[in-house]
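This briefing covers selected local features of one protein chain. The points are grouped by topic and can be followed in the structure shown here.

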Amino acid sequence: MAVPESLSVAQARRITLAAQGFTDRAPGGATDLRHLRRVLRRLHLIQMDSVNVLQRAHYMPLYSRLGPYDPALLERAAYRNPRELFEFWGHEASLITVDLQPLFRWRMARAKDYAWGNMVRIATQQPELVARVLGEVRDRGPITAAEIEHDVPRAKDNWGWNWSVVKQALEWLFYSGEITAATRTSSFARSYDLTERVLPRKVLDTPTPHPQDAFRALVELAARSLGVAAEGELRDYFRLPVLGFKQAVAELVEDKVLLPVTVKGWKAPTYLHHEAKLPRRVQAATLVSPFDPLIWERARTERLFDMNYRIEIYVPAAQRLYGYYVLPFLLGDTFAARLDLKADRKAGVLQIPAAWQEPAADPGETAAALAVELRRLASWLGLSAISPPERGDLAGPLTAALKA
């Protein structure tokens, strides 16, 4: 369907969902790396987070778009040769497709400008420590921070080497691109190795683009992933510096890669990717992680979906409105509910501390669709039972739907 120059919010929402892969045909069975690649070509990166109350954050965006898949496929893409993903600071800590690694070398080269406090302090004030840590990785990698600290007691006596400073040195070397994550341990700790021993030779041999060329490429990819977006959202996708970003947008508009559009009620300059599609309908029915790129930018989420969404992990329990780890439920092209979920792996139970419906949603229709999705999610997580919701205005209808 042709995209007009002036969009309603509903049209912008459908464009976004199509760009993010929610209108792509689901595999409907076993998935393989081809399906993962299809999603990754749309998103370009997946945010990582250590919280594991339900499932690690980086597994969920693929589930939301593909349905149940084997998480080992993502592990293979990220941590087995030939690598298809690498860890770096893209949005936040992210798994990024390896072909984009040259586009982030400007950030690596200017690590002192973009990295934060302790990392920069270690690199500036204790360069000999950083060199020693790099030597340990070179000689013994892949290796974790704990293994270096535990196995080199002489350093503690000589110059105050402990896990904290080792980790800071490793994170500096990681940010500056000299080392990268070779694997993750069972406790989710990075195991580091030299970048040259991890990334594919084709990627390593790719010439480093000029930073402005990298900014332009990243803005275009962000626009492609978002479909339609305000300026700040384009910049936020890869956390780009203001000056380089502004010039990149101007160049892409001049070349008609980005098309200025208006969206009803949006005040900031807004752009449509020239290949964006406007589907007639979206028929999604899936839970979405708090760390999904669809809802990264919370103000955008509110404008697109009329949903004020915040993650409440760091909010004191008594002050939480919806729960600890709340996932919105996408039904059609709108969010119909939000659920606080927890996987009790020992008992094999998917727990629902709370279930809430969105104001415009039909509780019966939402509960019925949500019950199907919860059974699908529990099966994917290897959980054999689903406990009834403990609280929330959707608890009654959802309890009934789960019993049906």
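The model is a predicted one.

**Cis peptide bonds**

- P142 is joined to G141 by a cis peptide bond, with omega at about 0°.
- A cis peptide bond also links N81 to P82, and its omega is about -5°.
- P82 belongs to the loop between α4 (71-79) and β3.

**The three-stranded sheet**

- The strand order β2-β4-β3 describes an open sheet of 3 strands with antiparallel pairing.
- β2 (45-47) and β3 (85-89) are the edge strands, each of them pairing on one side only.
- On average, neighbouring strands of this sheet are turned by 30° against each other, direction ignored.
- Between β2 and β4 (residues 93-97), the antiparallel pairing runs over 3 bridges.
- Opposite Q47 stands S94 in β4.
- In general, the strands of a sheet pair through backbone hydrogen bonds, either parallel or antiparallel.

**Helices α13 and α14**

- α13 (residues 211-226) packs against α14 (residues 231-238) at an angle of about 110°, and the axes are 9 Å apart.
- Because angles of 65 to 115 degrees count as roughly perpendicular, α13 is roughly perpendicular to α14.
- The two helices, α13 and α14, cross in a right-handed sense.
- On the α13 side the contact is made by L218, V219, L221, A222, A223, S225 and L226, and on the α14 side by E233, L234, Y237 and F238.
- The contact of α13 with α14 comprises 9 nonpolar residues, 1 polar and 1 charged.
- α14 is mostly covered, with 6 of its 8 residues buried.
- The buried residues of α14 are E231, E233, L234, D236, Y237 and F238.
- R239 follows α14 and has a positive phi, near 55°.

**Helices α1 and α16**

- α1 (residues 9-19) and α16 pack with their axes 8 Å apart, at an angle of about 120°.
- The pair α1 and α16 is therefore oblique.
- V9, A12, R13, T16 and L17 of α1 make the contact with R300, R303, L304 and F305 of α16.
- By class, the contact of α1 with α16 divides into 5 nonpolar, 1 polar and 3 charged residues.

**Positive phi in loops**

- K256 is not a glycine, yet its phi is positive, at about 65°.
- The loop that holds K256 lies between α15 (242-254) and β8 (258-263).
- K256 has a relative accessible area of 59% and is exposed, because exposed means over 50%.
- D306, also a residue other than glycine, has a positive phi near 55°.
- D306 is located in the loop between α16 (298-305) and β11 (326-332).
- With a relative accessibility of 68%, D306 counts as exposed.

Methods: Residues numbered from 1 in each chain as written. Predicted model: local features only at pLDDT ≥ 70, side-chain atom pairs only at ≥ 80, totals over all residues. Heavy atoms only, no water. Pairing = 2+ DSSP bridges. Helix = DSSP H or I, 4+ residues; strand = E, 2+ residues; numbered from the N terminus. Axes fitted to C-alpha atoms, helices over the stretch in contact; angles between N-to-C directions. Parallel < 35°, antiparallel > 145°, perpendicular 65-115°, else oblique. Left-handed = near helix turned anticlockwise from the far one by under 90°. Contact = heavy atoms within 4.5 Å. Nonpolar A, V, L, I, M, F, W, Y, C, P; charged D, E, K, R; others polar. Buried < 20%, exposed > 50% of the residue type's maximum accessible area, 1.4 Å probe, protein only.
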